[in-house]
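Hi,

Here is the structure I said I would pass on.

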Amino acid sequence: MTELNETQKMVLSTVKEIAQKEIRPRAAGLDEKQEFPWETVKIFADNGLLTPLLPEKYGGIGAEYLLFSMLLEEISKVCASSALILIAQADGMLPILFDGSEEIKKSVLPGLAKGKLAAFAATEPGAGSDILSMRTHAARRGDHYVINGQKCFITNGGVADVISLYAYTDPDKRANGISVFAVEKGSQGLINGKNENKMGMRGSMNSELFLEDLVVPEKNRIGEEGHGMANLMATLDTSRLFAASQAVGLAQGAIDEAVRYAKQRVQFGQTLSLIQGVQFMIADMVAATEAARLLTYQAARCLDKNHQRLIRKYCAMAKFMASDTAMKVTTDAVQVMGGYGYMKDYPVERMMRDAKLIQIYTGTNQIMRLVTGREIFRE
Ligand SMILES: Cc1cc2nc3c(=O)[nH]c(=O)nc-3n(C[C@H](O)[C@H](O)[C@H](O)COP(=O)(O)OP(=O)(O)OC[C@H]3O[C@@H](n4cnc5c(N)ncnc54)[C@H](O)[C@@H]3O)c2cc1C
């Protein structure tokens with residue numbers, strides 16, 4: 001908290017209040033029903049939280065990455081799915097903010113602060129970790145492109161008003177042949193497929209998208225033709241910070257539940273909190289989460305200070321450390337709470353399912369170690 005100025009502290013304390021009063025009571029229901037949480041989107045939009053990173057001139061509050069990281073943490077403590085909606089919003093918005101023309105920025109970005117939704121679409125059925133094997137192709141036809149292909153697992157995909165979509169404009173050039181487009185809802189040839197039925201993060205939507213002769217005007221190309229890979233990597237770096245922040249919040253939320261329970265559950269004539277074996281588990285959970293939090297804030301500082309040499313490594317390290325920590329801590333929280341932890345009456349079983357995704361999405365933790373290793377030996 002000491003690093004934040006008075007305005008930032010005020011934003012953070014407002015978000016804490018909203019998370020506890022408005023997001024927490026909805027979390028179990030969202031998980032149970034797996035419906036898209038329009039009410040939650042409205043809460044975020046009404047409180048100016050849908051696009052905190054967006055500069056003021058486009059309708060945001062121009063938050064630093066560190067503040068956004070802390071906001072995601074607060075929301076994830078009570079409902080990681082709700083934080084995922086904000087993450088998908090940022091992932092869809094940042095490609096446009098990074099490289100879009102002023103015309104496209106002015107036409108798309110202000111709406112995202114007010115309630116319109118964004119998505120980021122790179123993954124395909126045959127191209128996950130190996131993103132260069134994507135097959136989606138954009139062919140230039142005069143003043144527009146015609147895009148054919150398929151995307152999968154896209155967060156907010158079925159509800160997004162604008163999708164930052166990656167496609168080859170010149171497949172022979174591999175990494176130098178990818179371009180990115182702002183695809184608007186209702187575009188001719190944009191077809192929504194199924195929404196996935198997921199293990200966790202069930203208060204968010206993940207969709208298939210089919211692109212069948214999808215027509216996109218040239219003015220909706222983000223940045224130069226062939227510069228999409230740099231845009232994708234810059235967006236993924238930030239997205240890994242967001243995933244790490246979500247993981248830290250999730251781990252902290254599980255600790256809060258386990259500590260609360262351990263203080264009141266009596267076995268062998270004493271509360272669990274007085275049993276040394278339980279204290280040791282909780283000490284490990286708290287220490288690991290605090291370490292993950294510090295690394296995550298360090299990654300956020302690298303982004304805020306635009307430390308180009310460090311961003312990729314720190315965001316990847318924070319992502320794998322924080323999500324591996326969240327997986328272990330949420331599993332241990334269930335253990336501390338015994339049979340009750342396994343029941344849906346308590347949130348820790350949902351938190352454990354939610355944590356699993358963070359080890360997978362926005363680059364798996366194996367790929368995060370690969371990226372970190374490459375950066376270390378490149379230095
Ligand atoms: C809920 C959810 C939300 C998502 N949201 C989005 C989104 O909004 N936009 C988007 O574009 N994508 C999204 N994704 C896709 C996500 O980023 C990919 O699932 C992820 O990158 C992994 O790709 P894959 O699932 O194809 O797994 P694969 O790449 O097939 O990997 C399978 C396994 O092999 C391992 N592996 C693969 N290659 C290597 C290697 N070289 N070295 C070591 N291990 C390796 C992986 O670590 C993994 O364990 C989402 C996925 C999920 C599940």
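At what angle do helix α6 and helix α7 pack, and how far apart are their axes? Helix α6 (residues 228–264) and helix α7 (residues 276–304) pack at about 155 degrees, with axes 9 Å apart. Before I go on, a word on the source: this is a predicted model, where local features need pLDDT of at least 70, side-chain atom pairs count only at pLDDT 80 or more, and totals for chains, interfaces and linings use all residues. Residues are numbered from 1 along each chain as its sequence is written, and side-chain values use heavy atoms, with hydrogens and water left out.

Some terms: helices are DSSP runs of H or I with at least four residues, numbered from the N terminus. Axes are lines fitted to C-alpha atoms over the stretch in contact, and angles run from 0 to 180 degrees between N-to-C directions.

Back to that pair. α6 and α7 are therefore roughly antiparallel (an angle over 145 degrees). Their crossing is left-handed, meaning that the near helix is turned anticlockwise from the far one by less than a right angle (clockwise would be right-handed).

Next, helix α1 (residues 6–33) and helix α3 (residues 65–78): their axes come within 8 Å and cross at roughly 25 degrees. The two are therefore roughly parallel (under 35 degrees), and their crossing is right-handed. Residues of α1 including Val11, Leu12 and Ile23 meet residues of α3 including Leu67, Met70 and Ile75. That contact has 11 nonpolar, two polar and three charged residues.

Helix α8 (residues 308–336) and helix α11 (residues 365–378) pack at about 145 degrees, axes 9 Å apart, in a left-handed crossing. The residues of this contact divide into six nonpolar, three polar and seven charged.

Finally, the ligand. For polar contacts, the cut-off is a pair of N or O atoms within 3.5 Å. A side-chain N or O atom of Thr123 is 2.6 Å from a nitrogen atom of the ligand. Oxygen atoms of the ligand lie 2.6 Å from a polar side-chain atom of Ser129 and 2.7 Å from one of Thr364.

Cheers

Conventions: Angles under 35 degrees count as roughly parallel, over 145 as roughly antiparallel, 65 to 115 as roughly perpendicular and the rest as oblique. Contact means heavy atoms within 4.5 Å. Ala, Val, Leu, Ile, Met, Phe, Trp, Tyr, Cys and Pro count as nonpolar, Asp, Glu, Lys and Arg as charged, and the others, Gly among them, as polar. A polar contact is a pair of N or O atoms within 3.5 Å; within protein, one must be able to donate a hydrogen and the other to accept it, and residues adjacent in sequence count only if both atoms are side-chain atoms.
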